[in-house]
Amino acid sequence: MLMNNYLRADVGFVRGYGATLWDEYGKDYIDFASGIGVCALGHSHKGVAKIISKQSKTLLHTSNLYNITPQSKLADKISNLLGGEYELFFANSGAEANECAIKLARKFGYKQGKKSEIISLANSFHGRTIATLAMTGQDKFHPDDFAPYPNGFKFYNSIDEIIENLNENTAAVIIELVQGEGGINPLDKAKVQELAKILNQKNILLITDEVQCGVYRTGEFITAKLYEIEPDIITFAKGLGNGVPIGACASKKPIFAPGDHGSTFGGGFLVTSVAEYVLNELENLKNSGKLDKKISKFEKKLDKLVKENSDIFEKRVGLGLMQGIVVKDSNLLNTIILKALECGVLVLRSGSNTLRFLPPLNLDKKEMKEGFSRLKLAISKAKK
Ligand SMILES: *Cc1c(COP(=O)(O)O)cnc(C)c1O
């Protein structure tokens with residue numbers, strides 16, 4: 001029997017292809033969630049399957065006590081996509097990628113005069129380990145049940161407040177450029193740029209948590225590119241492995257020495273060879289212009305949906321294929337998600353009042369069209 005920690009819909013999928021999933025009764029669903037922004041190339045991707053098969057017949061694991069060629073190749077690939085200046089650590093999840101970022105920030109801060117504080121933003125989400133929970137800027141994630149939490153984390157309501165509260169003990173500031181769990185909230189570009197400039201002057205690290213918004217989700221490899229900033233540290237996970245568990249932390253400054261950090265499974269042969277393949281595919285999707293076309297098509301369809309249902313929807317929010325619709329009556333949100341499931345389309349919630357869309361980045365025309373027509377039906381049912 002499983003622990004009682006998830007609130008699950010009573011449906012189980014047995015098969016998937018592209019953006020379509022089938023449940024145990026053979027009913028099909030259009031997947032506008034990709035897990036939670038994980039399966040960027042969709043389900044049962046032939047190239048991904050081939051790499052998994054090939055690597056599993058070659059070598060799966062040796063430990064990080066030895067050189068791992070696909071790991072180094074993936075590090076170089078990511079570093080190149082970032083402009084060539086970053087070094088990489090590989091973990092197994094987003095929370096672990098952020099744990100690496102925390103340790104980097106702490107060590108960097110310690111050397112600067114025992115600075116240890118890490119500041120985050122309200123409505124952020126940084127993971128479920130005890131330290132990343134402490135770093136998450138939402139008090140509902142800090143119930144007394146799990147106390148005490150590690151010290152050294154603060155969060156403030158706005159970037160202005162963060163700037164006002166920087167002090168001689170601040171080692172780093174972490175932000176999601178588009179907040180994923182606390183509502184789909186793209187941060188204000190001018191404010192982010194102001195923050196980046198001040199942090200740079202004060203020698204405080206800027207960390208962007210791109211676990212959800214990174215890896216082409218918002219249209220560029222990193223959302224920081226859209227914001228025209230160069231973070232000191234960037235964390236990745238969700239979309240990087242198309243479903244194989246991988247997290248990554250990229251740092252501009254070399255901070256660790258041998259022994260400072262590690263992981264038994266992190267950066268293994270299987271996940272790093274898959275991730276390199278995923279990045280190449282996504283890079284091609286971007287460079288061919290197809291990704292940008294899919295984004296503008298998806299946005300148009302969402303805008304139409306909002307316009308046609310302005311009685312219940314407030315507005316569209318988001319960037320790229322990380323999109324949300326703000327629902328006027330938050331009580332209606334669950335109904336819409338349930339009706340969507342009934343009508344055969346998977347969508348997510350974010351925060352208290354946002355319907356969230358994280359479709360595969362290679363979503364094809366037919367599936368996009370079918371998904372929206374099912375969603376329309378679901379919305380009309382939810383209104384009744
Ligand atoms: C999902 C998420 C995490 C945590 O990732 P896990 O793989 O679940 O540990 C951290 N930060 C952001 C922004 C996320 O969306």
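In this predicted model, a polar backbone atom of Phe125 is 3.3 Å from a nitrogen atom of the ligand. A backbone N or O atom of Gly94 lies 2.8 Å from an oxygen atom of the ligand. For Ala95, a backbone N or O atom likewise lies 2.8 Å from a ligand oxygen atom. On its own, the ligand has 380 Å² of accessible area, and the protein covers 81% of it.

The surrounding residues come from several parts of the chain. Ser93, Gly94, Ala95 and Asn98 belong to this shell, as do Phe125, His126 and Gly127. Glu176, Asp209, Val211, Gln212 and Lys238 are also among the residues around the ligand. Sorted by class, the shell holds six polar, three nonpolar and three charged residues. Helix H4, residues 94–111, gives the most to the shell, with three residues.

Leu205, Ile207 and Asp209 point one way from E10. Leu206 and Thr208 point the other way. Residues of both sets are buried.

Strand E10 has parallel pairings with E7 and E11. Four bridges join E10 to strand E7, residues 170–175, and the two run parallel. In this pairing, Ala172 has Leu205 of E10 as its bridge partner. Three bridges join E10 to strand E11, residues 233–236, again in the parallel sense. Here Ile207 has Ile233 of E11 as its bridge partner.

A separate open sheet is formed by four strands in the order E1-E2-E3-E15, with mixed pairing. Strand E1 (13–17) and strand E15 (345–346) stand at its edges. Each has a single partner strand, so one side of each is left without a neighbour in the sheet. Strand E3, residues 28–31, pairs with E15 in the parallel sense over two bridges. Within this pairing, Ile30 stands opposite Val345 of E15.

Helix H9 comprises residues 269–287 and includes Ser273. Ser273 counts as buried because its relative accessibility is 11%, below the 20% cut-off. The side chain of Ser273 reaches the backbone oxygen of Phe269 at 2.7 Å.

The segment at residues 288–315 carries the annotation "coiled-coil region" in an unreviewed UniProt entry. In the model, this span is 68% helix and 11% strand. Its end C-alpha atoms lie 30 Å apart.

The annotated span ends at residue 315, within strand E13, which covers residues 313–319. Strand E13 pairs with strand E14, residues 322–327, in the antiparallel sense over six bridges. In this pairing, Lys315 has Val326 of E14 as its bridge partner. The hairpin of E13 and E14 has two residues between the strands. Gly320 takes a positive phi near 60° in this hairpin.

Methods: Residues numbered from 1 in each chain as written. Predicted model: local features only at pLDDT ≥ 70, side-chain atom pairs only at ≥ 80, totals over all residues. Heavy atoms only, no water. Near = heavy atom within 4 Å. Polar contact = N/O pair within 3.5 Å; in protein donor to acceptor, adjacent residues only side chain to side chain. Areas by Shrake-Rupley, 256 points an atom, 1.4 Å probe, with all protein chains shown as cover. Nonpolar A, V, L, I, M, F, W, Y, C, P; charged D, E, K, R; others polar. UniProt positions renumbered as here; feature names shortened; annotations may be inferred. Pairing = 2+ DSSP bridges. Buried < 20%, exposed > 50% of the residue type's maximum accessible area, 1.4 Å probe, protein only.
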